[in-house]
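Let's take a walk through a protein model together. Keep the viewer open and follow along as we go from the whole chain to single residues.

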Amino acid sequence: MVDELLFFMEVLVGGLLAGTMYSLVALGFVLIFKASATFNFSQGAMVFFSVLAFCGFMQDFNIPFVLAFILAALLMVVVGLCTERLVLRPLMNASEDTVLMATIGLGYVLEGLAQAAWGVEVRRLDLGIGDFPVPWIADNLKLFISALDITAGLVAAIMIIGLFLLFKYTKIGLGLRAVADDAGAASSIGIPLKHIMLLVWSAAGVVALVAGCMWGARAGVQFALVDLALKALPVLIIGGFSSIPGAIIGGLIIGAVEKVLEVYIGPFFGGAIEGWAPYVLAIFFLLYRPEGLFGEKIIRRV
Amino acid sequence: MKPVFMTYTKKDLINLAVCMFLSVLIIPTFITTEYWYTSILIPWLCLALATIGQQIVMGYTGQLALGAAGFMAAGAFAMFNLILRVPDLGFVGSLIVSGLIAAAFGILFGLPSLKVRGIYLMVATLASQFFIIWMIDKFGWFKNYDSSGIITAQDIVIMGKPFTTPLAMYFVCLAVTTVLTLLAMNMARGSTGRNWMAVRDMDIAAESMGVSLLRTKVQAFAISAFYCGVAGALFAFCYLKSLEPVAFDIKLSFKILFMCILGGLGTINGAFIGAAFILLFPVLLNAIGNNVFHGAIDATIISSIEQVIFGGLMIIFMIYEPLGMAKLWENLKVSLKSKLSSSGTKSLKSSAQKSE
């Protein structure tokens, strides 16, 4: 009985920590949605693009780790700048769906550019953190939890706190919230809309880079990262598109539920239900609480 | 213009006659290489059909759906099982029934559209994509317990006659696509299509005017999935000639989405233009790579460039012409016509002046 309970705990904790990896991807989506009510479908491609560039800098040009990270982050700022200039500004008054489709196109561009520049083979990314159980926890609590999972959890926690403080207490954060509320009104009282957009897209780019590092260290830096990032969508639906804590809770729920279902119910169906379980869970959430756990209620006018 | 037959105008009938003349007489007499049939024309017809399905739900009803490939897989595997287990049904019967099976999935996964829209709906339809592929993959019955993962599709036999040559398969695809395209045009112009478009333009307003959202949306999803299912069956039986769930992955769904958007949302001819563009552009790019640069550019780089161009075009179209290539075509026709007519009036004027 105790063993079973321990096993369940292990599955649950493993799932929760893996969920924080989804949260990291979801965070990037939320940042942009919060500031511009734009759903950025290319966030997954940004994850892939940034981490592939990071790996490329390190492995092809032998640039040291920290410098390569800074370079990759700067590259994401440039991507943000170009996106704001070339995609978002011309589409300022377009409908939500039009912008969404444009970001799907943007995702394609980023994926293609990344592969054209750095090749298509799977790259290994070594962060110096092993993807194996931490001995101390294994000995004392008898839980086998990967060091990488714990790091991802910590990184996610730090980023959330940082972003939360940014949004809540700084002038920039206030501007961001004002723009999110009503872009027209915000710009009429002198909030520089362009700067805010650039800032948000750059921040989302850096978040993508961090998320990409975590995923890349686990699964290798490869095209499949884009598909993994799609799983951030159910996370967002559960958590709500405009809530940073929602992204975290949503990620935890998805991570835990998919692992528990996979381990306990999966074997009856030949496994791999991880692939669709999060989406079906998202549908149930949509039917009962379409705005997500923490999202703002959607009001539409005729 | 006044409709002559059902909702078709005289212009439509002329267009149909021209298209039929081209596709039934001109193409088979002038194109003799098998490559054109097996790699271009057959997949074009199949994918255009699937794109019409995507158009119905996305272009006409305005529901952002991203699961066309899932419904195609449902149709393809339903077809395989129907031919295998219910041989009495015949090819055409099986095709219709497999479309209906796909439509059932469409209804099931279209239900969330009653509550949500936009990106939310996209996620819900992604569920169908992943679930259908998983289900086919994991339950051996669907694949007739074939362990290799790739099943050879049965030969097409209609009324006791085998249709196995590329040309014959082309005619099968052509016949099915023509019938379904005409039906789609009819629906889109009739009250069904008007309801779809009312829901697309403003669902709440449509509802208050007495359009049943439940009926309209579920109908659109069902019909869309029917088209995708039939297209999937043809795609597997005429083009791939094999059945494997991997062939219908999310990438194919995105491809169909691109065909739909680049071709022109809310148009039937856009489906054909978009499908032709997405299919032919990589062929062109490869030809340039081979002939201009003599293979100096790696094939993976070419496919990356192709991706960049598709994505870039998507952005450009969204900014400058959200209605896609069909609209460009329309604009071109209008400007040509006005040029012709203005030069016509000019010559009239000049002749009038001369006569003075």
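A helix here is a DSSP run of H or I with at least four residues, a strand is a run of E with at least two, and both are numbered from the N terminus.

First, some ground rules. This is a predicted model, in which local features need pLDDT of at least 70, side-chain atom pairs count only at pLDDT 80 or more, and totals for chains, interfaces and linings use all residues. Residues are numbered from 1 along each chain as its sequence is written, while chains are lettered from A and ligands numbered from 1 in the order in which they are written.

**Chain A as a whole**

Now for what's inside. A residue is called buried if 20 or more other C-beta atoms lie within 10 Å of its own, exposed if 12 or fewer do, and partly exposed in between, with C-beta atoms placed from the backbone. By that count, 49% of the 302 residues in chain A are buried. Two residues are in contact if their C-beta atoms, placed from the backbone, lie within 7 Å. Take the contacts in chain A with a separation of 6 or more: 73% of them join residues 24 or more positions apart.

**A helix on the inside**

Look at helix α11 of chain A, residues 232–239. Eight of its eight residues are buried, so α11(A) is largely enclosed by the rest of the structure. Its buried residues include A:L233, A:V235 and A:I238. What do they pack against? The partners are α1 (2–36), α10 (224–230), α12 (244–264) and α13 (277–288) of chain A, together with α5 of chain B. Just after α11(A) comes A:G240, with a positive phi of about 100°.

**Two pairs of packed helices**

Two packed helices are described by the angle between their axes and the distance between the axes. Axes are lines fitted to C-alpha atoms, for helices over the stretch in contact, and angles run from 0 to 180 degrees between N-to-C directions.

| Pair | Angle | Axis distance |
|---|---|---|
| α2(A) and α3(A) | about 140° | 9 Å |
| α10(B) and α12(B) | roughly 40° | within 10 Å |

Angles under 35 degrees count as roughly parallel, over 145 as roughly antiparallel, 65 to 115 as roughly perpendicular and the rest as oblique. That makes α10(B) oblique to α12(B), and α2(A) and α3(A) are oblique to each other. A crossing is left-handed if the near helix is turned anticlockwise from the far one by less than a right angle, and right-handed if clockwise. The α2(A) and α3(A) crossing is right-handed, whereas the one between α10(B) and α12(B) is left-handed.

In the chain A pair, residues such as A:F54 and A:F57 of α2(A) meet a group in α3(A) that includes A:F69 and A:L75. In the chain B pair, B:F258, B:I261 and B:L262 of α10(B) touch B:F310, B:L313, B:M314 and B:F317 of α12(B).

**Two residues up close**

A:L176 sits in α7 of chain A, residues 171–181. It counts as buried, with 24 C-beta neighbours inside 10 Å. Leaving aside neighbours within four places in sequence, A:L176 is in contact with A:K34, A:A35, A:F167, A:I196 and A:V200.

Back to A:A256, as promised. Is A:A256 buried or partly exposed? With 19 C-beta neighbours inside 10 Å, A:A256 counts as partly exposed. A:A256 and A:L12 are 244 residues apart in sequence, yet their C-alpha atoms are 5.5 Å apart in space.

**Where the chains meet**

The contact takes 34 residues from chain B and 41 residues from chain A. On the chain B side, α12(B) gives the largest share, 13 residues.
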